[in-house]
Amino acid sequence: DDSEVMALLDIAIELLFEEDEGNNDSDGKSKSKQKAIELSRSLPQSVSSSSSESTSMDRGIEVMTYIVSKTFVKEKIVAGYKPDGSPPDHKSALERLVEIGCAPNSGDAQMAFGLAGIFNLLAVSMETLRKEAFIGKEITKDQYDQLQALGKTEEEKDIEAKKDAKEEDTPAAVRERIRKLANANVPRAMVKLLEGSTSDSTQEKLFEGMGRMASEQSVRGIMIQQGCLTTCLQLDKGEKPNEAEQKILRLARSCIAKLLVTTNPSILTVSQRSGSIGPLLKLVKDNDATDLMHFEALLSLTNLAGFSDETKNRVVAQKGIPILSYAMFSDHEMVRQAATEALLNMIPHPNMMDHLKKEDNLKVWVAFALDFEANFACARAAVGCLAMAVPDPEFANALVACPKFGELVRTLMECGRLELMHRIFAVVASLIEHGGKCRDAVISTGTGQFCKAYLESYHDEKNVKEFNFTPAERGSLAATLSLAKEIVTLLS
């Protein structure tokens with residue numbers, strides 16, 4: 001019960017402050033060790049059996065590893081818990097764990113795996129762990145729970161419901177714990193543990209824990225400052241990593257992706273910006289990575305690619321354009337959207353422009369732009385890409401030569417989606433300015449007549465009010481009307 005768990009926690013914390021078994025123990029220490037042994041009998045054999053060479057600190061961490069799965073224990077630890085009667089100079093449990101993790105050679109110590117497990121569990125809920133256990137399985141967690149419920153009585157269901165309510169760990173509570181962990185220098189302790197660790201199991205737990213913490217946007221800057229990004233970038237498993245090493249690499253790359261989704265690239269060093277692109281592209285290529293990993297890696301690449309010519313050059317040097325183009329055909333619509341947006345941010349790099357000018361590639365972008373009913377966000381990014389690329393004369397000529405150019409212009413002008421209309425009007429206006437074949441191609445689509453009718457329909461403020469547009473839609477409407485007026489002027 002809870003009282004036994006708290007007793008175990010108190011003893012585990014006391015053991016964290018004791019010297020190795022080889023030193024002479026005081027009466028108090030002997031009693032605490034005896035109590036730990038007695039209480040540890042209730043633990044599973046895999047947890048409670050310490051080798052004869054284990055120190056008091058090792059045993060304390062072993063016990064804490066077992067009980068930290070309890071939600072109320074997690075909350076106690078991150079809140080700065082100290083056992084009643086602790087000496088005034090003793091740190092809180094979390095401060096002591098961080099101190100142990102930051103000690104020299106801590107990553108190679110017997111307790112390193114236990115510490116990694118504790119930090120990992122503090123940053124996640126049991127509900128999330130249960131969902132993760134069903135990834136790749138034939139049934140989902142919810143389906144499994146429904147099957148289990150079929151064989152239970154109402155009384156058993158009530159008991160389980162009360163237990164679940166007691167152990168409830170909300171996403172907001174997890175985020176708050178992660179913020180407290182970051183402020184307590186847990187990321188730095190994890191980095192120190194990784195520096196000396198040669199164990200694949202320990203490294204896996206630590207990188208997994210970093211990834212869990214990086215899911216909280218507010219701590220990403222702190223994590224980068226405390227060395228998490230650099231540590232992930234420095235991970236090297238050779239040319240032919242085994243299955244366990246591949247999983248570690250995947251977790252490290254996923255952590256990089258999470259850290260850089262919202263991080264301003266300008267606060268990174270040049271080596272961090274350039275060094276992140278290769279691992280992120282490898283994660284996008286990784287068939288064993290989840291859709292979420294692919295999505296976050298693509299968002300980070302979008303962020304980096306749009307920063308400067310330096311990062312665009314790095315993407316090209318790492319053969320990023322073919323990798324991102326392949327990701328556009330993912331089964332997951334959000335991955336397709338993210339890949340499209342990442343390539344959009346590669347404009348106007350010469351290699352990206354050459355890629356777009358190829359007939360087969362251009363057909364893909366036009367098809368994506370026309371697929372707005374199925375995936376609006378992806379279509380918006382595709383039309384945006386065309387709008388950014390069309391000032392290039394060679395690309396403009398390639399676009400009007402596309403068999404579906406007329407369908408593209410007419411369909412998007414008449415679709416009623418203001419964001420798409422805004423972008424296709426921008427494409428058309430640029431094509432008219434090129435003159436020659438480009439201008440003639442626009443005229444053949446009936447764009448001039450449509451724009452005149454569009455202006456006549458919405459020139460009156462009274463007519464606009466009848467449609468009950470939102471403020472954002474009013475802004476988009478004003479932009480489309482302005483472009484439509486410009487197109488009519490250019491054609492006249």
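Modeller: Phe450 is partly exposed, with a relative accessible area of 22%. The cut-offs: buried means under 20% relative accessible area, exposed over 50%, and partly exposed in between, using a 1.4 Å probe and protein chains only. This is a predicted model, where local features need pLDDT of at least 70, side-chain atom pairs count only at pLDDT 80 or more, and totals for chains, interfaces and linings use all residues. Residues are numbered from 1 along each chain as its sequence is written, and side-chain values use heavy atoms, leaving out hydrogens and water.

Phe450 pairs with Phe425. Phe425 is buried, at a relative accessible area of 0%. The two rings sit 6.4 Å apart, centre to centre, with 50 degrees between the planes. That pair is tilted. Rings of Phe, Tyr and Trp (its six-membered ring) pair if their centres lie within 6.5 Å; planes under 30 degrees apart are stacked, over 60 edge-to-face, and the rest tilted. The count by this rule is 4 aromatic pairs. Phe425 belongs to helix α27 (residues 418–434) and Phe450 to helix α29, so the pair ties together parts 25 residues apart in sequence. Helices here are DSSP runs of H or I, at least four residues, numbered from the N terminus.

Now the geometry. Helix α29 spans residues 447–458, and helix α31 spans residues 471–491. Their axes come within 9 Å and cross at roughly 135 degrees. That makes α29 oblique to α31. Axes are lines fitted to C-alpha atoms over the stretch in contact, and angles run from 0 to 180 degrees between N-to-C directions. Under 35 degrees is roughly parallel, over 145 roughly antiparallel, 65 to 115 roughly perpendicular, and the rest oblique. The crossing of α29 and α31 is left-handed: the near helix is turned anticlockwise from the far one by less than a right angle.

Terms used:
Helix = DSSP H or I, 4+ residues; strand = E, 2+ residues; numbered from the N terminus.
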